[in-house]
Number of protein chains: 2
Amino acid sequence: MNHAVVLAGGGGTRLWPASRRRMPKQLLALGADTVESLLAATCRRLEGVVGTEQLWVVTAEDQLSGVIDALPQLERDHILTEPCARNTAAAIGLAAVHVLARDPDGVIAAVPADHAIGDESAYRAVVARALAIAATEDAIVTVGIQPTGPETGFGYLEPGALGSHGARVVARFIEKPDRATAEKYVAAGYFWNAGIFVFRARRILAEIARNLPPLGAGLDAIARAIAAGDAAAATVRIYPGLPGISIDYGVMERTHGILVVPGDFGWNDVGSWSALAEVRASDAHGNVVGGRLIAVDARDNIVAADEGLVALVGVSGLVVVRAGNAVLVVPRDRAQDVRDIVKRLEGAGQEEFL
Amino acid sequence: MNHAVVLAGGGGTRLWPASRRRMPKQLLALGADTVESLLAATCRRLEGVVGTEQLWVVTAEDQLSGVIDALPQLERDHILTEPCARNTAAAIGLAAVHVLARDPDGVIAAVPADHAIGDESAYRAVVARALAIAATEDAIVTVGIQPTGPETGFGYLEPGALGSHGARVVARFIEKPDRATAEKYVAAGYFWNAGIFVFRARRILAEIARNLPPLGAGLDAIARAIAAGDAAAATVRIYPGLPGISIDYGVMERTHGILVVPGDFGWNDVGSWSALAEVRASDAHGNVVGGRLIAVDARDNIVAADEGLVALVGVSGLVVVRAGNAVLVVPRDRAQDVRDIVKRLEGAGQEEFL
């Protein structure tokens with residue numbers, strides 16, 4: 001059967017002050033909709049591709065209550081809690097042993113919880129295609145995003161020889177490039193790596209065991225605990241000892257024959273406040289508004305307010321955010337630097353703002 | 001005896017969103033101190049010049065509770081409430097009839113509640129001097145502020161012939177000038193009109209009766225009601241029918257022989273958010289901060305936050321205010337335009353933000 005594993009344990013410091021430790025990016029409404037959280041949208045979007053009974057969410061202990069609030073329809077035992085962050089290889093491995101215990105032939109689409117998608121039916125078609133290829137070929141399949149420009153903030157996938165079902169084999173996983181290199185990649189038809197991976201549970205666990213034996217051993221122990229009805233306690237005991245490594249670096253880059261299916265469905269990683277202008281419509285003055293805005297001679301600003309009113313007079317190109325106990329003002333073209341604020345707050349131990 | 005009448009019925013829309021109908025400018029900490037309100041500072045500053053028993057505040061009905069909170073030491077019957085706004089001639093007249101009823105020879109220093117003063121002892125010396133001249137000469141005395149530049153936002157006083165006690169006679173009260181005219185005024189030794197007027201209660205009431213007979217008649221009726229122990233009810237009945245005219249236009253400009261004493265004590269009318277930079281010290285990066293600020297590469301901003309944290313990244317020359325249910329962002333050099341926001345909110349009937 002087809003399953004989806006939504007990876008919802010991440011942070012998102014560049015989206016501070018809306019994104020906080022207990023209310024991180026994926027729990028916020030940062031897509032086209034100003035009410036539905038990215039996580040809720042991700043799960044809803046997968047409906048039809050997999051059933052609710054085959055939907056799994058892996059999250060962090062301190063985000064659990066937010067996840068439950070965001071996904072009231074999800075069975076509690078389909079929310080897998082990481083006792084501590086151990087990166088995506090461990091998170092996917094944890095989900096895979098749970099899927100395998102219920103469905104020995106289960107196929108998994110593992111997707112990040114915090115991306116926005118413009119064309120949901122195109123997305124569903126691509127994920128369904130990847131699931132079908134992964135099932136029939138027992139392949140690992142990734143979705144390569146058609147680049148819209150030479151972005152330097154993403155990893156790239158180099159497509160190689162034609163494989164089965166019209167999919168190309170991934171010749172190379174590539175780290176974030178500089179601008180000139182990114183331009184070459186885009187011209188050469190490379191894809192963005194969006195971190196969407198599809199595989200049988202059994203296959204990914206075999207690759208983990210081969211490439212990351214300590215992680216494989218830990219997951220084996222959790223699998224035995226699941227069989228013994230002791231999953232929760234075992235996870236708390238075993239998980240902190242697992243290696244913290246990404247699925248990309250730990251498994252994908254070391255595995256031959258991974259297939260890539262192209263995806264062109266308005267993908268956006270909402271990496272910073274400036275991305276809101278890419279996923280939301282602007283008003284007649286170019287302002288992108290979440291919340292209530294009153295503007296006098298103010299253009300091309302991005303506004304997000306969880307309550308109250310934001311008044312802008314004579315400013316343009318700014319990001320203005322009111323969220324909880326903090327207000328942020330930063331030019332759109334410096335939105336990446338918001339993480340510096342978070343670093344300083346962390347350094348100063350100002351927990352109330354983190 | 002010397003009395004002080006603090007005129008605390010004004011608004012202050014250019015200091016929105018901190019300044020609201022029920023919490024106007026004079027009730028806010030907009031001076032050098034970030035805790036003490038302008039009104040409380042005005043009253044404290046007058047201590048020693050007049051006793052607490054001789055301090056009066058005239059305010060608006062919907063500001064009464066804020067005034068009581070700001071001045072817990074003030075006797076309740078020294079707070080005179082205007083049932084509706086009728087400008088400064090009526091407000092001063094109302095206070096004068098109350099003073100006269102208690103102290104037939106009483107001398108009054110009438111001062112706005114919403115100005116900041118840098119040098120308080122110099123201020124006290126000037127007010128004491130004006131009171132002494134007003135008492136001994138039965139004169140109307142005003143304090144002329146030594147200009148620090150050719151401001152176009154203030155009225156000016158033209159000094160004339162030398163009068164008694166070394167004070168000059170006011171040759172002319174002048175409305176707000178244009179820039180070129182203001183430069184001439186400053187070069188010619190004119191003063192700013194700060195709205196500080198000193199007189200015997202009996203004298204100002206005589207001038208009101210002479211220049212504004214309908215106002216004089218109304219005040220006479222209130223005076224009779226005070227004698228009859230019926231002041232509050234009579235004021236509610238009579239006050240709405242009084243003419244709404246400023247003391248400057250209604251009395252001062254029509255009265256000969258007004259004396260002016262110069263004042264040079266760091267006067268500031270805190271007319272807009274940009275004025276905060278004139279009354280408060282800035283930090284090492286030129287930021288003027290009321291509240292908690294975290295700044296990354298942010299210079300020369302003015303920040304006021306009633307709670308929480310303001311984070312600025314890569315911006316300069318902005319005013320950023322968080323107050324109650326609103327956030328304001330405006331360049332310092334456009335701080336005057338904040339009143340346009342208030343007008344639009346009024347036009348849209350958005351009472352919750354006014």
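Which strand of chain B is joined to β15(A), and how many bridges join them? Four bridges link β15(A) to strand β13 (residues 302-313) of chain B, and the two strands run parallel.

## About the model

This is a predicted model, in which local features need pLDDT of at least 70 and side-chain atom pairs count only at pLDDT 80 or more, while totals for chains, interfaces and linings use all residues. Residues are numbered from 1 along each chain as its sequence is written, and chains are lettered from A and ligands numbered from 1 in the order in which they are written.

## Chain A as a whole

Chain A holds eleven helices and 15 strands, where helices (H or I, at least four residues) and strands (E, at least two) are DSSP runs numbered from the N terminus. Along the principal axes, the C-alpha atoms of chain A fill a box of roughly 60 × 45 × 35 Å.

Of the 354 residues of chain A, 50% count as buried. A residue is buried if 20 or more other C-beta atoms lie within 10 Å of its own, exposed if 12 or fewer, and partly exposed in between, with the C-beta atoms placed from the backbone. Among contacts in chain A between residues at least 6 apart in sequence, 63% join residues at least 24 apart, a contact being a pair of residues whose C-beta atoms, placed from the backbone, lie within 7 Å.

## Where the two chains meet

The contact takes 31 residues from chain A and 31 residues from chain B. On the side of chain A that touches chain B, at least two residues each come from β12 (288-296), β13 (302-313), β14 (318-323), β15 (326-331) and α11 (338-347) of chain A, and the largest share, eight residues, comes from β13(A). By class, this side of chain A has 22 nonpolar, three polar and six charged residues; here Ala, Val, Leu, Ile, Met, Phe, Trp, Tyr, Cys and Pro count as nonpolar, Asp, Glu, Lys and Arg as charged, and the others, Gly among them, as polar.

Strands are said to pair if DSSP finds at least two bridges between them, and β15(A) has four bridges to β13 of chain B. Within β13(B), B:Ala311 is the bridge partner of A:Leu328.

## How the copies are related

Two copies of a chain are related by a rotation about an axis and a shift along it. The same surface serves both copies, since 100% of the contact residues of chain A recur in chain B.

## Two helices with a buried face

In α11(A), the buried residues are A:Val338, A:Ile341, A:Val342 and A:Leu345. Seen down the axis of α11(A), they fall within an arc of 95°, so they line one face of the helix; the arc is that of the directions from the helix axis to the C-beta atoms. The face turned away from this buried side carries the exposed residues A:Lys343 and A:Gly347. The cover over the buried residues of α11(A) includes β15 of chain A, together with β12 (288-296) and β13 of chain B.

In helix α6 (residues 201-211) of chain B, the buried residues are B:Ala201, B:Ile204, B:Leu205, B:Glu207 and B:Ile208. They cover an arc of only 160° around the axis, which puts them on the same side of α6(B). What covers them includes α3 (87-102), β4 (107-112), β9 (191-200) and α7 (213-227) of chain B.

## Backbone details in the loops

A cis peptide bond, with omega about 5°, joins A:Trp16 and A:Pro17, and A:Pro17 lies in the loop between β1 (2-8) and α1 (38-46) of chain A.

A:Asp138 has a phi near 50°, a positive value in a residue other than glycine, and lies in the loop between α4 (120-137) and β6 (141-145) of chain A. With 14 other C-beta atoms within 10 Å, A:Asp138 is partly exposed. In chain B, B:Asp300 has a positive phi of about 60° although it is not a glycine, and B:Asp300 is found in the loop between β12 and β13 of that chain.

Key: Two residues are in contact if their C-beta atoms, placed from the backbone, lie within 7 Å.
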